[in-house]
Amino acid sequence: MKIRYFDHAATTPVSDTVLQAMLPYFQLEYGNASSMYSLGRASKKALEEARRKVANNIGANSKEIYFTSCGSESDNLAIKGTAYANKEKGNHIITSKIEHPAVLNTCKTLEKQGFEVTYLNVDKNGFIDLEQLVNSIKPQTILISIMFANNEIGTIEPIKKIGEIAHKNNIIFHTDSVQAIGNIKINVNEYNIDLLSMSGHKFYAPKGVGALYVREGINFEKIQDGGHQEKDKRAGTENVAEIVGLGKAIEDIYQEYEKYNEKLTNLRDYYIEQIEKSNFDCKLNGDRKNRLPGNANFSFPGVNAQELLLALDEKGICASAGSACSTGNPLPSHVLTAIGLSKELANGTLRVSFGKDNTKEDVDFLIQNLREIIPSIIQKQ
Ligand code: PLP
């Protein structure tokens, strides 16, 4: 059976060019990047080349890039690292209610350690309230952490303005850009970003590699003890092959940015239009305009999303009920709850996320199946 994959927000396949770039570093160029001999120096060179590619594609300097094992680790390092290093200045952090668990649970841990965290509300489209942000700032606020784009509903936050507010108040600004990198062109200076998290497997690099941008001069501490890798901020022998993959992936995706952006936007808008034209009830979640190019999130009253996903799976269709990370969690998604959805609507929500290899024919197949499956599920209830 042909697999039709519409879950690129959960993960993406490794692209051919990325795989080819990585292969030599598993068996030929396998040196430890800290070793002095030429085999080690070759790995070090590849590592620094990847760092340069990441930096160039977000308007940063190479020395501001730190490699990690994933987006979650980047978020932990960004938030705990700045909180610990700046605790003499204050103990207050501001974030939002719709962040990924990598941010929310990091904040919860910090609360147990004596930090105070404000979780901002969002409106029905998922935008944070800028007025509430300004009103939440205290003399002891040291960090604002707001995601660039939401992983479930795709809403893109007003990052430039948030950064401006942070800097006006002398506060560090971190953004979890795990869903945005590759989908939106980001320049850290234009967007007033001090720290930015990314994860390779969301843009055609493998799982298990991420990066954190930290603006030069920002005070942050390591959170993992060990060797002196990554300028003493992230201990552990560097995962050279995957870091090379991440460097190649970010370069590839931004080289063809306009093409992919247009393609994903067209597929998304076509899907949204076709779903809204169907003869069943539906509600689009997230902002219609300011949303990730490949994201479409609909709630279907009377539908159990788990049942829908299983029926789609039988047709070879991969999609998601919310975020992959909350699968197995019986509670309705915290993001859908925060935008005001009832439990019933939240539990009838389907997230579709398109990728660069999807075609219009794939989308037609998806729409045709939804038009058959959804009324049959509703009828059964
Ligand atoms: N932040 C966001 C917004 C995400 O969507 C994800 C993963 O889905 C993460 C962080 C965590 O990234 P990783 O899976 O690389 O740990």
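Reader: Which residue in β7 stands opposite H174?
Author: Happy to start there. This is a predicted model, in which local features need pLDDT of at least 70 and side-chain atom pairs count only at pLDDT 80 or more, while totals for chains, interfaces and linings use all residues. Residues are numbered from 1 along each chain as its sequence is written, and side-chain values use heavy atoms, with hydrogens and water left out. In β7, the residue standing opposite H174 is L195.

Reader: In which sense do β6 and β7 pair?
Author: Strands here are DSSP E runs of at least two residues and helices are H or I runs of at least four, numbered from the N terminus. Two strands pair if DSSP finds at least two bridges between them. T175 has L196 of β7 as its bridge partner. β6 (residues 172–176) and β7 share 3 bridges, and their sense is parallel.

Reader: And which residue of β8 does M198 stand opposite?
Author: β7 also pairs with β8 (residues 210–214), over 5 bridges in the antiparallel sense. There, the residue of β8 opposite M198 is A211.

Reader: How many residues of β7 are buried?
Author: Side chains in a regular strand alternate between the two faces of the sheet. In β7 (residues 195–199), one side carries L195, S197 and S199 and the other L196 and M198, and all of them are buried. Buried means under 20% relative accessible area, exposed means over 50%, and partly exposed lies in between (1.4 Å probe, protein chains only). With both faces covered, the count of buried residues in β7 is 5 of 5.

Reader: What is the average twist from one strand to the next in the sheet?
Author: The open sheet has 7 strands with mixed pairing, in the order β2-β8-β7-β6-β5-β3-β4. Its edge strands, each pairing on one side only, are β2 (65–68) and β4 (116–120). From one strand to the next, the twist averages 20 degrees.

Reader: What angle does α3 make with β2?
Author: Axes are lines fitted to C-alpha atoms, for helices over the stretch in contact, and angles run from 0 to 180 degrees between N-to-C directions. Contact itself means heavy atoms within 4.5 Å. Helix α3 lies across β2, β7 and β8, and its angle to β2 is about 115 degrees.

Reader: Which strands does helix α7 touch?
Author: Helix α7 (residues 159–168) packs on the sheet, and its direction makes about 155 degrees with that of β6. The strands touched by α7 are β5 (141–145) and β6.

Reader: How far apart are the closest N and O atoms of R52 and E49?
Author: A salt bridge is a side-chain nitrogen of Lys or Arg within 4 Å of a carboxyl oxygen of Asp or Glu. R52 and E49 are 3 residues apart in helix α3 (residues 38–58), so about one helical turn separates them. Both are partly exposed, R52 at 33% and E49 at 34%. Their closest N and O atoms are apart by 2.6 Å.

Reader: Is K277 buried or exposed, and what is its relative accessible area?
Author: K277 forms a salt bridge with E273, with closest N and O atoms 3.6 Å apart. The two residues are 4 apart in helix α10 (residues 257–277), which means about one helical turn lies between them. E273 is partly exposed at 42%. K277, in turn, is exposed, with a relative accessible area of 57%.

Reader: How many salt bridges are there by this rule?
Author: Among them is the one between K259 and E256, at 3.0 Å from N to O. There is also a network of salt bridges linking K44, E48, R51 and E230. By this rule, the number of salt bridges is 21.
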